[in-house]
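Here are some friendly notes to read with the structure open beside you. Take the points one at a time and find each residue as you go.

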Amino acid sequence: MSHDTVMTADHDDAAGYYTPGSPLVDTKAPDAPIAERWETRKFEARLVNPANRRKLNVIIVGTGLAGASAAATMGEAGYHVKTFCYQDSPRRAHSIAAQGGINAAKNYKEDGDSVHRLFYDTVKGGDYRSRESNVYRLAEVSTNIIDQCVAQGVPFAREYGGLLDNRSFGGVQVSRTFYARGQTGQQLLIGAYQALERQIAAGTVAMYSRHEMLELVVADGKARGIIARDMVTGEIQTHLADVVVLASGGYGNVFYLSTNAMGSNVTAAWRAHRKGAYMANPCYTQIHPTCIPVTGTHQSKLTLMSESLRNDGRIWVPKNQADCDKDPRDIPEEDRDYYLERIYPAFGNLVPRDIASRAAKYQCDDGRGVGPEVDGVRRGVYLDFADAIERLGRDAVENKYGNLFDMYARITGEDPYAVPMRIYPAVHYVMGGLWVDYDLQSTIPGLFVTGEANFSDHGANRLGASALMQGLADGYFVLPHTIRDYLADGPFEPIAEDHPAVVEARASVEGRIEHFLTVNGERSVDSYHRELGNIMWEYCGMERTEDGLKKAIDLIRSLKDDFYRNVKVLGSAETLNQSLEKAGRVADFFELGELMCIDALNRRESCGGHFRGESQTEDGEALRHDDEFAYVSAWEWAGEDAAPVLHKEDLVYSAIEMKQRSYK
Amino acid sequence: MNLTLKIWRQPDASSAGAMHTYQLADVSEDMSFLEMLDVLNEQLNAEGEEPIAFDSDCREGICGACGLMINGDAHGPEVTTTCQLHMRSFKDGETITIEPWRSEGFPVVKDLIVDRSAFDRIIQQGGYVSVNTGSAPEAHSVPVPKEDADRAFNVATCIGCGACVAACPNGSASLFMGAKITHLGLLPQGQPERDERVVNMVAQHDFEGFGGCTNIGACTAACPKEIPLDVISQLNKDLRTAIRHGH
């Protein structure tokens with residue numbers, strides 16, 4: 001496979017890997033003071049009268065918070081909605097696994113919270129790499145979400161007076177997080193799922209579960225439908241509509257091991273990307289510091305444990321490599337290195353996620369990790385509650401963290417009350433995603449993108465309890481308003497099943513399936529996925545460097561090449577075939593992984609979850625370069641063997657001042 | 001450890017199935033049960049036999065996608081989901097029998113995968129509050145006693161996995177249904193549709209071919225979220241009340 005080489009600026013690490021493109025601008029956010037933009041847009045977006053809504057068809061892919069909420073709301077409004085999910089039921093989407101909570105600027109605690117403060121915290125938390133108009137709107141509609149969910153019967157935690165309880169979360173100084181014990185995502189998703197099921201019963205929404213979108217239909221410049229595979233019968237189906245919404249989640253599984261669900265994938269978004277939707281900031285990945293470590297090559301996924309554990313647990317590794325395989329209780333105090341407390345005395349164990357994650361990696365790279373050796377390295381650090389148990393008593397610790405301790409014990413077989421826990425960072429969320437304007441519309445007219453699948457709200461780093469907020473904000477309160485401005489021009493001229501765009505899309509899907517089933521090579525899909533994940537984790541994970549990223553790109557290209565020639569997929573296309581499903585997803589992960597590396601290579605600065613080894617302060621802190629990199633990288637697919645095209649959207653802040661963070 | 005696995009294989013819904021026996025060596029006790037099956041599938045794939053199909057997604061015990069009958073117990077010997085069951089619960093040399101959920105309400109799709117869409121259809125018959133987006137009052141306008149909110153949460157933790165049905169000799173989904181009736185019945189938001197909800201959900205439940213409850217309690221024993229049996233008492237009480245109200 002050949003790759004075009006092109007000229008770019010001398011200092012650009014990614015020179016030769018991409019083609020510079022024209023600047024990109026969001027034209028949809030009104031030119032008004034920030035607090036008035038959303039009201040203005042809602043007023044200016046054209047209305048669709050109820051009689052016309054019945055004539056308009058909407059496809060929504062994904063039934064997590066962003067998809068189910070949008071489907072329910074659009075159904076209630078009277079549109080014809082078709083909704084797709086790969087799971088057996090819409091209730092299983094991975095939003096369900098979110099533990100901590102959902103932020104909203106209700107200011108019930110009268111502790112100085114406001115829409116502006118939530119906006120400010122989110123932009124700052126995103127390390128000044130998000131678009132301020134979108135973030136302000138997110139903060140504005142956050143309060144409506146809580147009202148809506150309570151009315152649906154979501155059982156949030158309450159105080160003795162019967163009012164809603166709040167807690168502080170993720171290092172902010174106000175209590176604005178609403179929660180349902182450690183299962184907030186589950187309760188919010190079930191709320192949205194029930195609203196969706198109500199519309200299915202009402203006949204406004206048709207649900208296609210165990211269906212996977214494999215291609216986007218773009219006809220005459222507009223997104224007009226999808227090609228989906230019925231995962232039970234193998235039937236390839238064409239679904240046409242006036243508009244398509246992708247709410248298909250994040251692509252953390254490009255790393256193979258992550259806290260995502262096994263089925264979480266990039267295919268819907270990537271197929272749209274190949275059809276003209278730009279992919280924005282793909283390298284922005286959030287790595288969560290407190291996950292249960294890998295135990296062996298059989299590991300299929302990683303489990304996150306709430307960050308709240310860092311409030312009372314102390315993180316350490318042995319000072320001497322020779323102690324790493326000892327029982328931790330036999331290592332005396334003077335031989336332990338409480339490295340976060342040592343390096344960051346002001347914040348100690350409570351430093352932000354990315355700093356805590358990177359510090360753990362450095363200890364293990366230094367040969368001082370603990371736990372089982374996997375591929376010759378011990379990747380784990382201790383999270384020790386011995387002091388907390390002595391200070392507060394076992395009962396108090398059990399009250400606070402009992403369910404987490406139980407989960408840990410079940411997975412590891414160790415008793416965390418007696419032996420320190422072992423933790424290690426894991427990929428948890430991606431801030432990157434398809435580029436959207438203020439209306440959540442991608443660069444393909446008629447293709448809208450919501451939730452984790454878009455890039456818009458979290459910049460280079462997402463704050464805790466903000467993913468649930470964004471998913472529901474997009475689905476309940478933003479998309480239903482912005483999409484009507486597009487649909488006001490519809491219904492669009494019907495397209496036939498023999499339209500060249502449909503024929504091409506179907507042929508592409510069928511060709512891929514045919515290829516995977518006939519290669520008849522030597523290696524399983526999973527073995528390729530695991531190897532790709534190792535490359536991404538090693539070179540495009542917690543710390544990225546020019547040399548490492550270039551090496552990763554070479555490795556990915558040759559592995560992808562091998563995959564197409566040597567993968568082994570058994571079974572047929574006409575039945576349920578999980579290897580075949582995975583093969584398509586892994587094929588797309590290869591291309592995404594390469595783009596992530598190119599994006600990371602271009603961004604020679606450190607910001608949020610993206611840490612470039614070449615861009616750090618003398619103390620090893622992330623160093624942003626606002627003069628050079630205050631832009632969104634929006635990548636255009638240029639063809640199978642062509643270098644991608646980089647379009648930059650400049651980030652302009654009118655309501656907030658950019659600052660460099662410090663946690664020392 | 002080394003294991004003998006007896007696994008139900010069935011090509012599709014309309015074909016007959018049978019138990020197949022496989023040997024699996026070098027299983028680590030740190031593997032989850034599903035990771036053990038992943039390893040078996042790698043072995044089968046290498047040998048040219050199609051891998052065994054089974055459902056799983058989050059693999060952290062919350063999505064409800066996984067669920068196997070393991071040695072006759074729904075989700076196996078521990079009170080947890082199949083994905084959170086680990087091989088340290090088994091012994092070297094053991095023979096493990098693995099089957100799909102067994103119930104008329106859950107037809108087999110392939111191998112260990114069943115069709116649980118009946119649960120969605122039961123929810124469609126009233127397992128919700130009828131409130132359109134945007135029409136909600138301010139969240140603090142209606143206080144809810146903490147005790148009610150806590151109990152509503154506890155029963156709302158149902159993950160819809162279907163273990164209750166699989167464990168029940170009658171194949172009843174009463175625990176699943178009772179959990180939803182109780183969750184919404186405890187909250188002020190659930191009151192306006194309370195009678196209608198229980199009547200319609202129960203009718204759908206029976207229509208789907210799930211059996212009646214005879215208070216055996218196998219459901220609650222198998223439930224990975226430990227939904228208590230008394231949600232079925234609440235279900236029955238709500239149904240009596242609704243009938244008395246003329247439904």
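1. Let us begin with a term. A salt bridge is a side-chain nitrogen of Lys or Arg within 4 Å of a carboxyl oxygen of Asp or Glu. Please keep in mind throughout that this is a predicted model. With the term in hand, look at B:E60 and A:K301: they form a salt bridge, and their closest N and O atoms are 2.5 Å apart.

2. That pair belongs to the contact between the two chains. How many salt bridges are there between chain B and chain A? The count is 4. There are also 46 residue pairs in polar contact across this interface, both residues of each pair being at pLDDT 80 or more. On the chain B side, α1 (33-47), β6 (108-110), β7 (113-114), α2 (117-124), α3 (146-156) and α5 (174-185) each supply at least two of the residues that touch chain A.

3. Now take the interface as a whole. Chain B contributes 73 residues to the contact and chain A contributes 72. Together the two chains bury about 6100 Å², with 50% of that area on carbon and sulfur atoms.

4. Next, look inside chain A, which is divided into domain 1 (34-284 + 431-487), domain 2 (288-428) and domain 3 (501-629). The centres of domain 1 and domain 2 of chain A, taken over C-alpha atoms, are 33 Å apart. Their contact takes 12 residues from domain 1 and 13 residues from domain 2. About 1200 Å² is buried between these two domains, 52% of it on carbon and sulfur atoms. On the domain 1 side, A:Q99, A:L257 and A:T259 lose the most area to domain 2, together 45% of what that side buries. The rule finds 0 salt bridges between domain 1 and domain 2 of chain A, while 7 residue pairs are in polar contact there (both at pLDDT 80 or more).

5. Turn now to the nonpolar residues. In soluble globular proteins, nonpolar side chains tend to be buried together. Here the largest nonpolar core has 226 residues, and A:I102, A:F156, A:L246 and A:L487 touch the most other members. Helix α16 (residues 578-602) of chain A gives the most to this core, with 13 residues. Setting aside residues up to four places away in sequence, A:F156 touches residues including A:I102, A:L164, A:F178 and B:A149. A second, separate core of 25 residues includes B:I52, B:I70, B:L85 and B:L112.

6. Is B:T4 buried or exposed? B:T4 counts as buried because its relative accessibility is 17%, and buried means under 20%. Its side chain is joined to that of B:Q23 by a polar contact of 3.1 Å.

7. Finally, check some backbone angles. Most residues other than glycine have a negative phi, and most peptide bonds are trans. A:R210, in the loop between β6 (205-208) and β7 (211-219) of chain A, has a positive phi of about 50°. A:D220, in the loop between β7 and β8 (222-230) of chain A, has a positive phi near 50°. A:R210 counts as buried at 11% relative accessibility, whereas A:D220 is exposed at 67%. The peptide bond from A:G490 to A:P491 is cis, with omega near -10°, and A:P491 is found in the loop between α12 (467-487) and α13 (500-519) of chain A.

Notes:
Residues numbered from 1 in each chain as written. Chains lettered and ligands numbered in written order. Predicted model: local features only at pLDDT ≥ 70, side-chain atom pairs only at ≥ 80, totals over all residues. Heavy atoms only, no water. Core = buried A, V, L, I, M, F, W, Y, C linked by side-chain atoms within 4.5 Å. Buried < 20%, exposed > 50% of the residue type's maximum accessible area, 1.4 Å probe, protein only. Helix = DSSP H or I, 4+ residues; strand = E, 2+ residues; numbered from the N terminus. Contact = heavy atoms within 4.5 Å. Domains from an automatic or database assignment. Buried area = accessible area lost by both parts, 1.4 Å probe. Polar contact = N/O pair within 3.5 Å; in protein donor to acceptor, adjacent residues only side chain to side chain.
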